[in-house]
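Please open the structure in your viewer and keep the sequence beside it.

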Number of protein chains: 2
Amino acid sequence: MDIENAKIPQATAKRLPLYYRFINNLHSQGKMRVSSKELSEAVKVDSATIRRDFSYFGALGKKGYGYNVEYLLSFFRKTLDQDETTSVALIGVGNLGTAFLNYNFMKNNNTKIEVAFDARDERIGQKVGGVPIKHIDDLEKHMEGISVAILTVPSSAAQGIADRLVEAGISGVLNFTPARITVPSSVRVHHIDLAVELQALVYFLKHYPLDEEEDSQ
Amino acid sequence: MDIENAKIPQATAKRLPLYYRFINNLHSQGKMRVSSKELSEAVKVDSATIRRDFSYFGALGKKGYGYNVEYLLSFFRKTLDQDETTSVALIGVGNLGTAFLNYNFMKNNNTKIEVAFDARDERIGQKVGGVPIKHIDDLEKHMEGISVAILTVPSSAAQGIADRLVEAGISGVLNFTPARITVPSSVRVHHIDLAVELQALVYFLKHYPLDEEEDSQ
DNA sequence: ACGAAAGTGTTAAAGCGTTCACAATCTCGT
DNA sequence: ACGAGATTGTGAACGCTTTAACACTTTCGT
């Protein structure tokens with residue numbers, strides 16, 4: 001099954017969760033069918049791109065009709081492995097970490113934050129968003145079955161914790177610290193740098209024509 | 001001056017804030033020179049890409065030597081308009097919003113969050129991270145001189161507030177809600193969807209070979 | 001039952017971004 | 001003052017992504 005999946009372009013793969021959520025919305029609104037044009041307006045992705053994306057999975061739609069919402073939904077559920085849950089740990093229960101814990105990921109997602117870690121004693125033993133908080137010193141004791149970590153710690157602590165996560169066998173890290181962490185090539189790291197995002201937006205505003213539009217990602 | 005700037009690829013523009021921060025770090029460490037190779041290891045961007053990026057601004061380095069940190073720094077300061085501050089409003093003082101307010105943006109940036117808005121009465125009048133909180137009903141009264149908005153509200157409120165921001169003359173929106181907002185083409189919107197980022201990371205882990213590495217953005 | 005309208009799936013082209021590879025240039029120790 | 005070593009800036013190749021465009025299929029109102 002991976003042979004087929006491996007052929008899907010990365011750009012497409014990044015849009016799948018987005019498609020899935022909107023199709024989910026349509027379904028709960030009771031909508032039965034949808035065209036690439038309609039979907040395009042909702043998710044702000046060119047309709048040709050949507051058709052192309054879908055076509056990597058075969059012929060999901062019908063010419064002259066569009067896509068059956070129910071069918072699309074069940075297809076995406078399978079494809080995104082919605083049934084098989086990925087266990088996630090969150091490191092650093094500050095404001096950003098708390099935001100994540102309170103976000104109801106299970107609603108549409110195949111991921112669950114099983115455990116959170118913090119360095120402050122007064123936090124230990126509490127639950128936030130239903131997730132128990134453990135002490136960062138005990139990281140290694142609670143990492144069984146965890147394959148992904150969300151890193152929302154001060155940037156000075158990032159590399160040290162990353163090293164421990166790698167040691168504990170992590171597969172992927174979502175890094176919200178400004179620090180660019182170094183890990184073995186077998187570990188996938190995605191950086192999301194809030195300050196950079198804001199600064200980049202400002203740069204675009206100042207230097208790019210203000211009347212033709214592309215979109216974020 | 002825009003004629004020159006408009007030629008810079010978007011991918012490059014997105015990396016500029018990142019470069020700027022690391023050059024800043026080097027400078028405060030007292031480093032006098034840096035090569036594209038060194039910088040590459042720090043920011044996790046291919047050294048050829050860095051040289052290419054820099055070359056869009058002319059010849060910033062010296063062959064056989066590298067780049068003078070001080071010169072690079074002053075150049076980037078100019079280029080990123082570090083001197084001219086952009087005023088930002090933050091809408092929605094939840095956990096995520098609070099994280100932003102406590103982030104010291106002025107440290108390295110040309111942006112300042114001047115005002116925050118929330119719908120909960122008990123929040124009004126407080127300050128978070130030095131930023132005063134106003135009631136969302138009074139949005140229009142406090143938007144003078146604000147050109148960018150950070151949207152950290154519940155997604156159900158996103159479009160309504162976006163409409164009001166547009167009415168108030170906003171230029172750019174950093175949208176953290178899962179909702180894809182609709183705005184005139186003269187307004188730039190960047191979406192950052194935390195759930196999608198996490199889900200995309202998981203998807204990559206499951207479906208892409210685990211031993212060759214690219215990087216986030 | 002037919003024909004116009006709708007809308008997919010895909011081929012082909014254009015656009016963008018990254019990376020290779022190396023000539024040109026500068027540095028620096030001796 | 002020289003030559004080995006370092007490192008840039010960039011032409012060219014490559015690969016990925018988007019977009020245009022349209023043949024083909026299905027729908028649906030009359």
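Begin with DNA strand D and the protein surface near it, where α2 (10-28) and α4 (47-55) of chain A, together with α4 (47-55) of chain B, each supply at least two residues. Helices here are DSSP runs of H or I with at least four residues, strands are runs of E with at least two, and both are numbered from the N terminus. This is a predicted model, in which local features need pLDDT of at least 70 and side-chain atom pairs count only at pLDDT 80 or more, while totals for chains, interfaces and linings use all residues. Residues are numbered from 1 along each chain as its sequence is written, chains are lettered from A and ligands numbered from 1 in the order in which they are written, and side-chain values use heavy atoms, with hydrogens and water left out.

**Around DNA strand D**

Select the 27 residues around DNA strand D, of which A:Arg15, A:Arg52, B:Ser36, B:Arg52 and B:Tyr67 come nearest; a residue is near a strand if one of its heavy atoms lies within 4 Å of it. By class, this surface has seven nonpolar, nine polar and 11 charged residues, where Ala, Val, Leu, Ile, Met, Phe, Trp, Tyr, Cys and Pro count as nonpolar, Asp, Glu, Lys and Arg as charged, and the others, Gly among them, as polar.

**Around DNA strand C**

Move to DNA strand C, which is surrounded by 27 residues, the closest being A:Ser36, A:Arg52, A:Gly61, B:Arg15 and B:Arg52. Sugar and phosphate account for 61% of the atoms of DNA strand C that come within 4 Å of the protein. At A:Ser36, a polar backbone atom is 2.7 Å from a phosphate oxygen of DNA strand C, whereas at B:Lys63 a polar backbone atom is 3.0 Å from a sugar or linking oxygen of DNA strand C.

**Where chain A meets chain B**

Colour the two protein chains separately, and find the 78 residues of chain A that are in contact (heavy atoms within 4.5 Å) with 79 residues of chain B. The two chains bury about 7,600 Å² between them, 57% of it on carbon and sulfur atoms; buried area is the accessible area (1.4 Å probe) that two parts lose on being put together, summed over both. Two salt bridges are counted between chain A and chain B, a salt bridge being a side-chain nitrogen of Lys or Arg within 4 Å of a carboxyl oxygen of Asp or Glu. To see one, select A:Asp193 and B:Arg21, which form a salt bridge with their closest N and O atoms 2.4 Å apart. On the side of chain A that touches chain B, α8(A) gives the most, with 14 residues.

**A last stop in chain B**

Finally, select B:Ser87, which is found in strand β3 (residues 86-91) of chain B. Is B:Ser87 buried or exposed? B:Ser87 counts as buried because its relative accessible area is 16%, the cut-offs being under 20% for buried, over 50% for exposed and partly exposed in between (1.4 Å probe, protein chains only). Leaving aside neighbours within four places in sequence, B:Ser87 is in contact with several residues, including B:Lys112, B:Glu114 and B:Gly145.

How values were computed: Polar contact = N/O pair within 3.5 Å; in protein donor to acceptor, adjacent residues only side chain to side chain.
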